[in-house]
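Thanks for coming, everyone. Let me put the structure up, and then I'll talk you through the places where its parts touch.

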Amino acid sequence: MKPTLSKELNRRSFLKLSTLASGGLALAYYLKSATSLEGQVSKLTESTDENSFKPSAFVHIAHDGTVTLASARPEIGQGIKTSLPMIIAEELGVKWTDVKVISVPLDPIFGGQAAGGSTSTPTSYMHLRRVGATARTLLIQAAAASWSVPVTECYVKDGSVVHKPTGKSLSYGALVQAAAKLPVPDEHSVVLKDPSEFTLLGSRIGGVDNQKVVTGQPLFGIDQVIPGMLYAVYVKCPVWGGKVVSANLDVVKSQPGVRDAFIINETVPYHNNPVLGLVPGVAILADSTWNAFSARKQLQVVWDEGKFANDSWSGYSEAAKQMATTGKGLKKVRDSGNVDQAFQTAAKVIEADYHFAFIGHTNLEPQNTTAHFTGNKIHLWSPTQNPGDVQASVAEALDIEPENVSIVMTRIGGGFGRRLHPDPCMEAAVIAKKCGQPIKLTWSREDDFQHDHFRPGGFHHFKAGLDAKGKLIAFADKVMGFDAASGADNYPARFIDNCRIEAGKIPNNVPTGPWRAPGSNTYGFVICSFLDELAHAGGRDPVEFSLEILGTKDVLPGTGPRSAPYNAARMRGVIKLAAEKAGWGKTLPKGQGMGLGYYFSHQGYVAEVAEVTVTKEGELKVTRVVAAVDVGSQIVNLSGAENQVQGAIIDGLNSSWRQELDIQNGRLVQSNFHEYQMLRMPDTIRDIEIHFSKTKYPPTGLGEPALPPLAPAVANAIFAATGKRIRQLPFSHTDLRWS
Amino acid sequence: MSTYNLKINGEKKSVTVASDTPLLWVLRDTLGLVGTKFGCGIGQCGACTIHLNGIAVRGCQTPVSSAVGFDITTIEGLDKEGKHPLQQAWCELDVAQCGYCQSGQIMTASALLKRNPKPTDQDIDDAMAGNLCRCATYTRIRAGIHKAAELTAGKEAGV
């Protein structure tokens, strides 16, 4: 399923709002109101003055020259609190060291404020350039007017307007009063910088909150404290969809520090799915987190576990097998050319089954939200990636108007897609309303495992035909999944004349949701691994085989409005670059190997070559990864961009090597990190080489696209090293011993 | 409920809490020192790493009653200016992504550097294996530890 990112305002309504904001209200409002939690915001209040210059909701220049830029989307570790304001600063012409960045709450004046799907950069890049350029244009106009010279004789440098012929200059601070009186031009009419003149974009800039992070300042959702608040836990049925029959509330209420305990038996679906929104449970409120956690140990609940209490992963696997064999429950999502005839004429037909396990998000900051309900309004402080959906869902859960739900988005201790769903906010809101006091809801790690919205497992049955030269001429894929999301255009569909994709949903009640590069993170593995099998079956080099599939066309359009065009030229470009930089084709001794993975996701084209060593005893070490990344014409922040790619590569290994979640008796088996093996320092890849391939296309995001190619690159390298083919995730299920 | 006299970041603090309360929650809820993070509650992730007499321990596994008499150091007190070589290196190399684990990483790494001022990659693997970074910034954490070791060595050599 796809997350609904909060409604992006269209350009026109946004302009209207930003013009309103030019009256000088927008940022000043936040400087004055959002004082409760974010220390830096309240400090800035003191420097606010009536004569300041506020050409848009995002820009504030005080008469002392202080430049404050708004960061409107949540910082989840993807670096946008730094990179997006950099875009404004570049066009504005100020020194980065003179800029202050503040986070702002949810408000339509800022347009879309979700962070997900690697969309922040592509949807913000041109807009924020225009925001900066608009402010610059006004400051130049103000200076030119004061000197009675043409604007064309003026330019900006480091926060001052300079008159070229005379060299005289005025600082922005000195110009704010005059600039504030000028009409704000249509942002599309302003002249943007030529990218060749960029000095800030593309450089290495450290995160704006780095010093606060390394000194432990209260940045995160879980760090928030409001006066008089109680600490809440919320205990839900371990079988998803279960309801409370009864609970020993009297015992719980008598525990030390406990102030209240009550049952919530409502279900408020999210995306029409009852297991994704507010689900029934028992709330316990205490005077500290520990007392709430301790009281919980005494809680006994009789659950109505519902009809899914006998579900299991092994049952799902059996259902998938049946579906693949009988075809019952499968629907054709693509059937191009004549697949069956092509199989008959093929020189070789290869079939293989692939599957992958459920995994969790395991954000290191457990889900939490602080909520205060007064009158008919609720205020939330939450580490949410998706404040727009939170607003709508909380309004629905409380039966109040969405405008009565206000949200401060805190820094987020890891997003990975989990916090696109609003369930913890709905719980906190309902608990806060019912108990009548401000509360902070904190999930235990066990809650966070059990009630994750998982990256679904899945099953593929592949069949492919090769001609006598080893060329791929027919391709069929049966996809058995948990949320029936399988597109007609999944690679290599558009590139093969004879192609059939059938997809079916295994009946289940497991909550699933977006996990970093949704869909692509598993498709990348199964497709690129199977293509590697085909290359070897046909006696072909995997790089050359893939380049042949990608063909000679530049762009292949998508089928239907939701499918993105596929720029095969860009993909060929990154494959060639990664192969070249990795030294593809060099001879390695047995036990060492190289593998290729590549995938187009979230508008980015990424190819990775992994190099592995596997000992005879089957011990794996990923020694090197070379990545070629094409996310368009401009890297915004080189430091942040490299950090994202390094992290995505290591997370790609993390999620495919040993991680898996099992389901038995309708519930999750694993409860905490001792039963779920996360990648740690000793297993990290020491040598990661990143090459950004600069192309003419608009800049796109980097949170996701470098992850999907990693798993197949490693799996294919393992095959090259050992002859062992990995057809399932995690890798750890495959015996890698060789002799 | 009992009262415990603690010494945290050089300051004396008196807290009245249940005796089994982990130091993690005393720091976070009672004293408002929220730099020490809750990650798992079972000593598996390292986000709550603090020092007792300079030794890195897990705040979630340290009952308050057992911390009496020790010098307790948290990320807030690692360096009064916030300029410990590791903190400087972390900023210079832009280590953090989400940043949630980084207090714990720095506390574990600072205990390592104290006993081993010039750790090898293997030493870093051994010392840091208990600290999870979900964003997988391990490449830069490793580089940050080496960088901090250089900064410290440079300072001592008067460079």
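Between chain B and chain A the count is five salt bridges, a salt bridge being a side-chain nitrogen of Lys or Arg within 4 Å of a carboxyl oxygen of Asp or Glu. One to look at is the pair A:D651 and B:R134, whose side chains meet at 3.0 Å, N to O.

Some housekeeping before I go on. This is a predicted model, where local features need pLDDT of at least 70 and side-chain atom pairs count only at pLDDT 80 or more, while totals for chains, interfaces and linings use all residues. Residues are numbered from 1 along each chain as its sequence is written, chains are lettered from A and ligands numbered from 1 in the order in which they are written, and side-chain values use heavy atoms, with hydrogens and water left out.

Back to the two chains. Chain B puts 52 residues in contact with 61 residues of chain A; contact means heavy atoms within 4.5 Å. Together they bury about 4600 Å², with 56% of it on carbon and sulfur atoms. Buried area here is the accessible area (1.4 Å probe) that two parts lose on being put together, summed over both.

There are also 30 residue pairs in polar contact across that interface, both at pLDDT 80 or more. A polar contact is a pair of N or O atoms within 3.5 Å; within protein, one must be able to donate a hydrogen and the other to accept it, and residues adjacent in sequence count only if both atoms are side-chain atoms. On the side of chain B that touches chain A, α5(B) gives the most, with five residues. Helices like that are DSSP runs (H or I, at least four residues), and strands are E runs of at least two, numbered from the N terminus. By class, that side of chain B has 25 nonpolar, 14 polar and 13 charged residues. Nonpolar covers Ala, Val, Leu, Ile, Met, Phe, Trp, Tyr, Cys and Pro, charged covers Asp, Glu, Lys and Arg, and the others, Gly among them, are polar.

Is A:T82 buried or exposed? It counts as buried because its relative accessibility is 4%, and the cut-offs are under 20% for buried, over 50% for exposed and partly exposed in between (1.4 Å probe, protein chains only). Beyond its neighbours within four places in sequence, A:T82 contacts several residues, including A:W96, A:I205 and A:N637. A:V636 is 554 residues away from A:T82 in sequence, yet 9.7 Å away in space, C-alpha to C-alpha.
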